[in-house]
Amino acid sequence: MFVQATTSSRQNGKTYVSYLVRESFRTPQGPRSRTLCNITDLPARTRDLVIASLKGQDFLPAEQVQLHEALDYGGLAVLQDAWSRFRLSELFTGIGSPRQRGLLQAIIFSRLLFPCAKLSLAQKAEGAWLAQACGLKADESFDEDDLYLAMDQLNGHWVNFEKQLYQRAFPQAVRLVLYDLTSVYFEGDGPEHLAQYGHSRDHRNDRPQILLAVATDTEGLPLHVSVLRGNRNDTQTLQGLLHTLRRRFGIQEATFVFDGGMSSRINLEAMDAAGLGYVTRLSAAALHGLVEELGLEKQLELGDRQKLMEVTQEGRRYVVAGGQWRQQRDRERRQSRIDKAETELKRLAAVKRKKVQAQKLASQVGRSLQRLKAHKYFSYRVDAHGNLQWERKGELIAQEAQQDGWYLLHTNQTAGQCPNDQVLAHYKGLLDVEEAFCELKSYLEVRPIHHRRPDRVINHVRLCFLAYWLSARLGGEWRAKGETEEVPRVLRHLQTIRLGLLQMGPQVHHSVITEVPKDLNQQLQKLGLATLFASPPKRQM
């Protein structure tokens with residue numbers, strides 16, 4: 001059956017359209033059709049439903065049409081595509097069972113989308129397309145013990161992992177390596193001999209910690225990560241890194257950029273002996289000593305904080321750099337320390353004591369000033385009656401103010417090999433790496449660590465490193481297209497795009513993707529990701 005629209009004209013000039021339901025049938029003379037009924041008088045929407053129904057389309061009340069089993073999908077679709085394009089599955093070939101490889105992939109994806117403890121992963125994965133994105137069954141349990149066993153499969157494979165990642169990301173040898181350290185603390189005691197108390201960059205001196213030593217390229221793409229004891233001195237980490245990078249990646253000629261905590265005389269001499277270049281920042285005391293030895297004319301040049309000044313002393317090359325923003329920051333930081341110190345001094349002076357102990361009070365004042373980093377700005381004394389007296393060191397403060405905004409860089413490369421502005425650019429690249437560390441620890445939530453076995457602590461960091469590597473590769477691609485937002489933030493925003501099954505009455509018809517909001521659609525077009533959401537994935541939910 002079908003609906004036929006017939007048009008007829010009248011003598012009065014009017015034209016009428018009739019809608020007839022007709023049926024086809026066969027006769028010895030050939031096919032014929034006959035009219036069953038006239039539906040012209042029905043409302044237009046009702047006629048349309050009759051026409052569509054006769055064409056085989058089904059119709060249900062709106063309340064019987066539902067999106068069934070809708071899952072958060074967008075960010076995982078992007079990660080699955082990146083995982084495939086970067087051929088990361090090849091890294092895990094031969095490691096554990098297929099399910100364990102899928103669980104490792106799920107842990108890496110979760111660090112970027114919803115970082116959590118292994119115990120919480122099953123809960124976080126509910127309502128997300130995580131299992132299917134990693135080639136696991138839709139009803140995957142993400143059992144905590146299974147996740148730990150999957151992590152254990154990484155033991156003995158990491159060197160090969162880093163080699164393959166390096167070869168894929170850097171077809172040409174790396175010429176500039178940025179190196180920095182950060183600390184990550186434990187909840188609880190942590191593994192013996194690895195979790196130790198030390199200088200905490202998280203300001204958690206009450207917790208044992210480990211050190212993470214990460215080397216990256218200028219774009220923040222990581223080359224290598226090492227997990228070190230929490231009480232290891234910064235200066236003792238650099239030579240081990242140099243040995244590892246040269247042996248593992250074959251890096252023979254490169255310039256290393258690192259902060260002042262690692263620029264000991266022994267380290268710099270070792271780099272000279274190895275024929276490697278370096279750019280490092282020296283301490284404020286080193287800057288002060290260098291300025292004192294400069295002539296008056298050179299000292300006057302320090303007044304222009306927009307200008308780089310090169311100094312060669314005893315065969316060593318230094319570059320003095322600075323800026324207005326840094327000058328203001330140094331001034332405000334010093335004033336804040338002085339104000340806090342004076343408040344503390346007034347408090348200590350006002351305390352009523354039953355017994356005068358001048359030495360004890362002086363020691364207490366010294367400790368307080370050291371804690372507030374203001375000891376050098378004050379002279380103080382306690383008289384025989386126990387009265388605390390102090391005064392600012394005005395000359396020292398004025399002298400320090402003249403150097404506000406300046407910092408001292410040191411390199412063993414000649415001006416021809418690395419001009420002054422390039423020395424500064426190399427060091428600013430290191431500052432970007434420090435921001436990347438903040439991303440590593442904040443977005444990926446490496447900290448705090450709850451594991452107790454040393455190998456699992458190390459494998460936890462390595463999985464976070466792989467998530468960071470994946471994020472950095474995507475970030476490099478997206479920055480080239482003008483995207484400035486952090487990769488994890490974009491991915492989490494894309495997770496609002498959902499994938500579900502369209503259920504009409506008792507029947508489930510097919511997979512559908514929810515409508516992409518206009519702002520997200522523009523972002524997907526900009527990043528070249530819109531094709532990922534043009535149709536649902538072929539894999540069953």
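Me: How does Arg456 count, buried or exposed?

Reply: Buried means under 20% relative accessible area, exposed over 50%, and partly exposed in between (1.4 Å probe, protein chains only). Arg456 has 16% relative accessibility, so Arg456 counts as buried. This is a predicted model, where local features need pLDDT of at least 70, side-chain atom pairs count only at pLDDT 80 or more, and totals for chains, interfaces and linings use all residues. Residues are numbered from 1 along each chain as its sequence is written, and side-chain values use heavy atoms, leaving out hydrogens and water.

Me: How many salt bridges does the structure hold?

Reply: A salt bridge puts a side-chain nitrogen of Lys or Arg within 4 Å of a carboxyl oxygen of Asp or Glu. The structure holds 26.

Me: Which residue forms a salt bridge with Asp152?

Reply: Arg456 does, with the closest N and O atoms 2.9 Å apart. Asp152 lies in helix H6 (residues 144-152) and Arg456 in helix H16 (residues 454-480), so the pair ties together parts 304 residues apart in sequence. Helices (H or I, at least four residues) and strands (E, at least two) are DSSP runs, numbered from the N terminus. Asp152, at 15% relative accessibility, counts as buried.

Me: Where do Glu342 and Arg392 lie?

Reply: Start with the contact. Glu342 forms a salt bridge with Arg392, closest N and O atoms 3.1 Å apart. Glu342 is in helix H12 (residues 324-350) and Arg392 in strand E13 (residues 388-392), 50 residues apart. Glu342 has 19% relative accessibility and counts as buried. Arg392, at 39%, counts as partly exposed.

Me: Which residues do shared partners join into one network?

Reply: Asp152, Arg453, Asp455 and Arg456.
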